[in-house]
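Thanks for taking a look at this one with me. I have put my notes into numbered points so that you can follow them beside the model.

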Amino acid sequence: MKKYLLLNWLFLLLTAGTLQAQQPGEKTLSGTVLSQVDQTPLPGATVVLKGTTRGKVTDENGAFSIAVPRSGNPVLVFSFVGFATQELEVGNVEGMMEILMETEGIDLAGVEIVSTGYQELPRERATGSFASLDETLVNRRVSTGILDRLEDVTPGLVFNRDRGRSDDISIRGTSTIFSESQPLVVLDNFPYDGPLESINPNDVESITVLKDAAAASIWGARAGNGVIVITTKNGKRNTPTQVTFTANVTQIEEQDPFYAPTISPADFLEVEQDLFSRGLYNSRENSRNKPLLSPGVETLIALRDGEITQEEADRRLTAFASQDVRNDLARYYYRPALQQQYALGIRGGKDQHVYGLSVGYDKNLSGTVGNDNSRLTLNLKNYWNFLNNRLRLQTGLYLVNGQSNRRTDLPQGFSANYILLADGQGNPLSVGRGYRETFTDGAEELGLLDWRYYPLAELGNLINEQEYFDFRGNLGLSYELSKGWTLDALYQYWENNGRSWELNDERTFYTRDLINSFTQVGEDGSFSLAVPKGSIADLGESRSESHHLRFQSTLNRTWNGRHQVAALAGAEIKSVDGLSNQSRFYGYDDELGSSLGVDYVTRFRRYHNQSLANIPYRNSHTGNADRFLSYYANASYTLDKKYTLSASARKDASNIFGVEANDRGVPLWSVGGSWVISEEGFYKADWMPYLRLRTTYGYNGNINRSVSAYTTANFIGGNNNFLTRLPSYAIQNPPNPELRWERIKIINLGLDFESKNGFLSGSIEYYNKTGLDLIGDQPFPTSTGVSLFRGNFADTKTQGVDLLLNFKVLDKELKWNQMLIFNWLKEEVTGYEVKALPLQYTGFGGGGETFPAPLTGYPLFSIFSFPWAGLDGDTGDPLGLEDGEPSSNYNAILNATPVEDLVYHGSARPTVFGSWINNFAWRGFSLSVNISYRLGYFVRRQPLNYNSLYQGGIIHGDYAKRWMEPGDEALTTVPSFPQSQVSNRDNFYNRSEIMVIPGDHIRLQDVRLGYSLESRKVLGIGFRSLEVYGYANNLGVIWKKTDSYEDPDYQTNQALTSLSLGIRAGF
Amino acid sequence: MKKYKFQFLAILLLLVGCDGFLDEKPSKSLVVPQTLAELQGLLDNTNFLMNDSPALVFNGTDDFWTTDQGFQSFNSIPNQSSYIWEEEIFDTPQASDWLIPYRQVFYANVVLEEAKEMNQVNDSEHEERDELIGRALFMRAKAFFDLAGQFAPVYREESASGLLGVVIRTKPKITDKQGRTTLQETYDQILGDLNEAVGLLPETVVISTRPTQAAGQALLARVYLSMSDYKMANQWAKASLESGAELLDFNEVMPSGNFSFAPFNKETLYYSVLNGQLFHYSNLTFVDQELFDSYDSLDLRKELYYRKPNESAMGYVFRGSFSGDYALFSGLSTGEMYLILAETEIRLGRIKEGLAYLNQLMEKRYQLGEFQPWEDLDQTEALKLVLKERRKELAFRGLRWNDLRRLNLEPALAKTLTRTVNEVEYSLPPNSPRYVFPIPEDELQLNGLEPNIR
């Protein structure tokens, strides 16, 4: 880069003598060269008449004037470091010109402009930590949602898979415990309050991820988890209308019900026979509730009672042992999901008006038969310039309609895993649900509705429709007071209206069961219905809206060609209001549109057990209101394009904590600086012509809606106070006058570099984050009335490295470049005073507790376990350590093992992760292969719960590997099936060392193959560009550290492979 | 630029300054409970909270027994271990039998603190406020009493100052540390709260989950009885009946299905139930056979309280809860007051009066006209009789445990309990330290309480 700049100057110096006054047959053109981004003048840009040595350099105001011939179609070439060279035909141009220079990537991370949502900055002058994704990177993946597009291409960002949520992401670790842990999403300059699934990735032009204090502190109290700034596409000034069209289709592999291993039907049946012989079904068999017993147990009962012969019993049991309900699930319920996506965009701009219009449609058929969802998006953006470009009016309208239809619920409540859903002819079979079939079988003859459950007959019979309309409109007015100084007013209105409608007609077990169980028996034995016949319909309506108003003054100015200032100050106010209502209709008749009232007040005797119960009351109303008021300012100063200093500050107040906490609100601020070392005279490393060092320091904040300085209580409506129906309250939060906002202190140190010829470029950043006053739970002695108390109890410390490297391996006809993202981080909880119990520390991971118990000195998400002392050779009991000796006193082990004696395996979340993407291009072909890696973490294997087996639960497949006789302890680590229910035996085993495996693995994440054409006619249609591509995702694990069979990140939910085909065309 | 900035701020302040923009409630259903109605709402939180009492006291009693299979199907370790009086009871660091009463105490303390801070109230509000304070005090006292019955030894005047009671908290601020008080201090607090409550509680309530004055007096009678202070127990039981509490004539109740009684019947002075456990209503949880056999054939309770679940069942299961449902009633009833009066009159030497109270109760328990009143018994016989009737009337109410603790102090009335599970015999001798349950682990570790030695 520096090289080009020097060459330009040299060139101009040498040719200076040839610059002359205007000749006859020439005209003088003058104008200003501005940055497209912030309209700041670009002093020192060169203007050269193409094909000659004639040229000029712009002055400190970016102005130039140059003589050009009137004939011969003269072309001016404008160039400036960091911006794309621009050629302009000037044959017909007279007078003043304004040249907007577009920034040019130097192959760092795509775009060179970073957006904070308040301002756009050239990366050269940004001191903070920004990760940028340009359109190419955003479009590399195929997906309906926007967040998926960030994975593996954003340094510092990781998808967490330890809490069973697919959209759980962290940027540079987690610096909060119970507060919001997800990054703030900013869409077109405003925080987005709607559902992320309503953002169509095809409308996205670029994404900037703000990672440190300087980048994010402008977002103040909501910046603590990082900020994702999404900018949607618009037209560009002075470009002809362009039409783009995208279409793709994705097929996702069918879910395999056998993926997570479970006990085999034969083993399950064997257990049932064992429990039966021990009389352990007596209690359930005699229970007043008439609970469901499995066909196997019913067979044994019938045999015992002499109702069937031994031969008949054997025949049935043999048949059961060979059946598996999962075959029926695969056959009738699962299918490959199919996703289609279409998007059309029309964008362009004249000098005074720029517009962009886009329409998108997505239709997804889900992996369960009968269920699908769709999304329609419509965007319209415009801006107009008035008053000689000093006043700009911009408008944006965004509409989304999302729909989802559920016609099928997966069947549930199986009494055994060997039941069948259909007979040999495919006719639905009854499987029993809730009650014994001996009880439900006679229901119809008694005059009740059929009380049996036929899952297959319900397939496709449910009606569950959800729909939402999301509307966003914004209006912006920007006035330039003088060169580079603007006043802005921005307003956004957003609303989201949702509706859900669920109809369970009498074909569903749910409805028949409710009607039957509320059937009242009169003294004469006659029946009356408390829940009327007909369908049960649930209607939900929700409405949210927000207003957001911002006033801001921005200054972007350059003095004497060496002092550059970018500053802004402003204030904003925001309100979000949400209301939702849920109502239920009994006896609903969809034909007539009528429903019947029911008695919610009386407690009715239920038919099957005479217990007292109210008819389920499903009417509810909720309302939420958020209010924010914020002031902010941000400034940066650059000297000689070498030294930059930046500072920002923000103060937030909200209605969440109550006034006292606002009063204590600490302004969040940051300072930063950067230094382009390679511009210094002493810098001699020719092989690395660009080198820049930057550092920042400051604070971000985080909010927590669940705590308050006051004693707060939740209202419980009379209908939920089933006994008395008096309105009542439940205390949610004990008083906490000391409550403060969470703060995160971040130090960031970064180095940007590019080698000669661009062979290697990238950046490396080190950060150190300290979470202060974090809201944490503190276990409290229960004699206080609370078992956990939430307050500012925790601090955390995180340090890490984000490394991004781009290699240009080959740059000939065959292009080959590589992008390597490497992240390392180390997290630690500091200052969490009160210790929890060993049972709580070992609870996180593997589907146990959702929240970890923090322990000082260890990562927040840690995997601890109890030491393992093998299996008892006589009983097959798992052994732990009690005072250093092997022991099976599980209560003592679980409650009294000193925390120091627990085994600490490591973080539950990857500490080293990233991706290695290889891109090849040859002629029109492109191939991109992404290998991702997640290392340095541990996961707990899925539990084996014998206790649940005693209750008829279908447990983990490790049952087959259990200890069965002395000597087995040398071959297996799976405990024996215990002779009685001891829940702490299961708890110990599932939390023991032996159940923890390393999560480290490398995955062939995805491959994309494309073929593109430029400016061609295909099938008689003229294309500006055309790309045909295929994309395959979740291709499998290449290497994993553990010998265990599991995919560490997907123990229960399969990572389904998908294949997409698509085209992208521009006209 | 500065000038303009201030203009923006001025506009913004205009927009938000006037009407408490930041005071908006973040959620409709969220309140900072301060009004009388809101505070009353805290005490009306019956959903497994304010009207629940701990169930551990039921498990170790001779009210019931179960088979080996039934024992196996008890759904938790504390249920099993308390059934056979093990040394260790809890397998978890927290225990609902400890937590629920203390949560009631916390709610009551929140109400008391807020209610006492209320100043400018008018007359009708003043009365309402006093009633509220009375209710909170009643509920706090009941919670402390339930705790003392489980986690502190039985009260004896001579030793109470030297023994450990339970933790007494009278302020809602949870960060204040509080250790165990002496047994004397514990009972002083209970009696103090109740005495104050009785002066404030109303005579009538809309539903008996809220205490009346009679309920306050009845609870005082129950507390004094457990303290073996028969004079005071007698006095308060009498006071309690003075407000016109009635007995339910069991001739008017039809035995039916799984449950005989309707909830909130007229004998209910105060409604509470034992914290529900699955085995309470298991069809393998049988009434103690000796107890069952002690009801004679004319006694209506035999059928109203019990039924045989099926032909082959090894015993009878209970269906006589005043909750009208699965939950075992543990509240205060008129019947209990008659029994306290009968016992205390007899103990105070007024045998005739005592038997008269007992006879009044029995009239309503036997088939119409079939009951032969008792008379002419000596004190020992009369006492034995009344205690037997007490056990029959108040079976499955969670009261037996405290009766055993109290009666075991008298050698003539002491009883050794035995059980057999999986061919192993267990026994609980009178005055065993195992009549006092262990303090949950959490409390020992986080609060540094002294453990109960069992």
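**Notes on the two chains**

1. Leaving aside neighbours within four places in sequence, Phe144(B) touches Val105(B), Val166(B), Ile168(B), Thr186(B), Gln189(B) and Ile190(B). Contact here is a C-beta to C-beta separation within 7 Å, with the C-beta atoms placed from the backbone. A word on the basis: this is a predicted model, in which local features need pLDDT of at least 70 and side-chain atom pairs count only at pLDDT 80 or more, while totals for chains, interfaces and linings use all residues. Residues are numbered from 1 along each chain as its sequence is written, and chains are lettered from A and ligands numbered from 1 in the order in which they are written.

2. Phe144(B) also belongs to the largest nonpolar core, which has 123 residues; Val111(B), Phe144(B) and Ala221(B) have the most contacts inside it. Such a core is a set of buried Ala, Val, Leu, Ile, Met, Phe, Trp, Tyr and Cys residues joined through C-beta atoms within 7 Å. Buried means that 20 or more other C-beta atoms lie within 10 Å of the residue's own; 12 or fewer makes a residue exposed, and anything in between partly exposed. Helix H7 (residues 123-151) of chain B gives this core its largest share, 13 residues. Helices (H or I, at least four residues) and strands (E, at least two) are DSSP runs, numbered from the N terminus.

3. Where is the second core? This separate set of 63 residues includes Tyr453(A), Phe509(A), Val829(A) and Leu871(A). As background, nonpolar side chains tend to be buried together in soluble globular proteins.

4. Back in chain B, helix H16 (residues 400-407) has Arg400(B), Trp401(B), Asn402(B), Leu404(B) and Arg405(B) buried.

5. For residues 335-448 of chain B, an unreviewed UniProt entry lists "domain: RagB/SusD". UniProt positions are in the numbering used here, feature names are shortened, and annotations may be inferred rather than shown by experiment. Across residues 335-448 of chain B the chain is 49% helix and 9% strand, with 41 Å between the end C-alpha atoms.

6. The contact between the chains takes 69 residues from chain A and 71 residues from chain B. On chain B, the elements that give two or more residues to the side touching chain A are helix H1 (2-17), E1, H2, helix H4 (68-73), helix H6 (96-117) and helix H17 (441-447). By class, that side of chain B has 36 nonpolar, 20 polar and 15 charged residues. Here Ala, Val, Leu, Ile, Met, Phe, Trp, Tyr, Cys and Pro count as nonpolar, Asp, Glu, Lys and Arg as charged, and the others, Gly among them, as polar.

7. An open sheet of three strands has the order E36(A)-E35(A)-E1(B), with antiparallel pairing. Strand E36 (728-733) of chain A and strand E1 (30-31) of chain B each have a single partner strand, so they stand at the edges, and one side of each has no neighbour in the sheet. Strands pair if DSSP finds at least two bridges between them; two bridges join E35 (residues 712-716) of chain A to E1(B). Asn714(A) has Leu30(B) as its bridge partner, and Ala713(A) has Val31(B). Helix H2 (residues 36-43) of chain B lies across E35 and E36 of chain A together with E1 of chain B, running at about 85 degrees to E36(A). Axes are lines fitted to C-alpha atoms, for helices over the stretch in contact, and angles run from 0 to 180 degrees between N-to-C directions.

8. Strand E34 (residues 690-702) of chain A is mostly covered, with 10 of its 13 residues buried. E34(A) pairs antiparallel with strand E33 (residues 668-676) of chain A over seven bridges and with strand E37 (residues 742-754) of chain A over 13 bridges. Val671(A) stands opposite Tyr697(A), and Tyr690(A) stands opposite Glu754(A).

9. Please check the backbone at Asn389(A), which has a positive phi of about 70 degrees although it is not a glycine. Asn389(A) lies in the loop between strands E20 (372-386) and E21 (391-406) of chain A, and counts as partly exposed because it has 13 C-beta neighbours inside 10 Å.

Definitions and conventions. Contact = placed C-beta atoms within 7 Å.
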